Amino acid sequence: MQTVPTTAAAPTPTLFIDADACPVTREALDIARRRGIHTVIAGNSTQNLQRRIRRDDPRDAASARRGFWVETLDVSVGADAADFAIVERLQPGDVVVTQDIGLASMVLGRGASAIGVRGHLYRKETIDMQLFIRHEEKKVRRAGGKTGGFSAFDDDDRERFVRNLSPLIHDALKSAAQAAIRQSTTADDSETKQL
């Protein structure tokens with residue numbers, strides 16, 4: 001009796017939402033439902049992370065519809081607790097929604113994608129400069145100075161976020177599908193050689 005080697009399936013991407021003060025959680029979930037991607041909403045335990053999830057949303061992989069299911073990741077109260085919980089679970093190809101440049105930097109370093117709540121796509125080529133600017137602005141504020149800060153979040157920001165998140169997820173799903181095909185082809189070639 002011949003045994004056929006088993007290969008692990010190529011991982012499918014996950015959308016992580018850094019829910020601490022995230023004004024676009026609803027929009028991110030709407031896109032995840034349409035695109036069929038597993039979603040994790042991460043935030044500290046004082047937030048009601050369940051409030052954005054529909055009653056009929058699947059809550060586990062066994063109940064997933066078209067690849068979409070949503071779970072919450074409650075973390076302890078504390079600076080950066082949600083960030084570290086996300087990074088701990090992050091895989092290459094995942095997508096993270098965050099307004100935290102530090103988290104975005106860690107995400108990019110892990111081979112995943114990051115998008116800001118205003119629709120800004122974080123890039124490896126520019127993240128170091130963004131971190132430097134953030135550091136310099138903190139120094140100015142600690143010395144009693146003032147920095148420009150952000151304008152109020154508005155509908156244009158929300159529209160830009162939706163416009164940029166959808167293709168980002170599409171690309172992540174496409175890359176995962178291509179990786180699965182490559183992996184399947186490699187496994188088939190390996191089985192053929194064994195025969």
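Modeller: Contact here means heavy atoms within 4.5 Å. This is a predicted model, where local features need pLDDT of at least 70, side-chain atom pairs count only at pLDDT 80 or more, and totals for chains, interfaces and linings use all residues. Residues are numbered from 1 along each chain as its sequence is written, and side-chain values use heavy atoms, with hydrogens and water left out.

Colleague: Happy with that! Which residues does Phe161 touch, leaving out those up to four places away in sequence?

Modeller: Its partners are Val24, Glu27, Ala28, Val97, Ile115, Gly116, Val117, Arg118 and Gly119.

Colleague: And what makes a set of residues a nonpolar core?

Modeller: The members must be buried Ala, Val, Leu, Ile, Met, Phe, Trp, Tyr or Cys, joined through side-chain atoms within 4.5 Å. Buried means under 20% relative accessible area, exposed over 50%, and partly exposed in between (1.4 Å probe, protein chains only). The largest such core has 24 residues, and Phe161 is among those with the most contacts inside it, as are Leu15, Ile17, Ile41, Val97 and Leu165.

Colleague: Which elements give two or more residues to this core?

Modeller: Strand S1 (14-18), helix H1 (25-35), strand S4 (95-97) and helix H5 (155-194) do. H5 supplies the largest share, 5 residues. Helices (H or I, at least four residues) and strands (E, at least two) are DSSP runs, numbered from the N terminus.

Colleague: Now to Phe132, in helix H4 (residues 124-142). Why is Phe132 called partly exposed?

Modeller: Its relative accessibility is 46%. That value falls between the 20% and 50% limits, so Phe132 counts as partly exposed.
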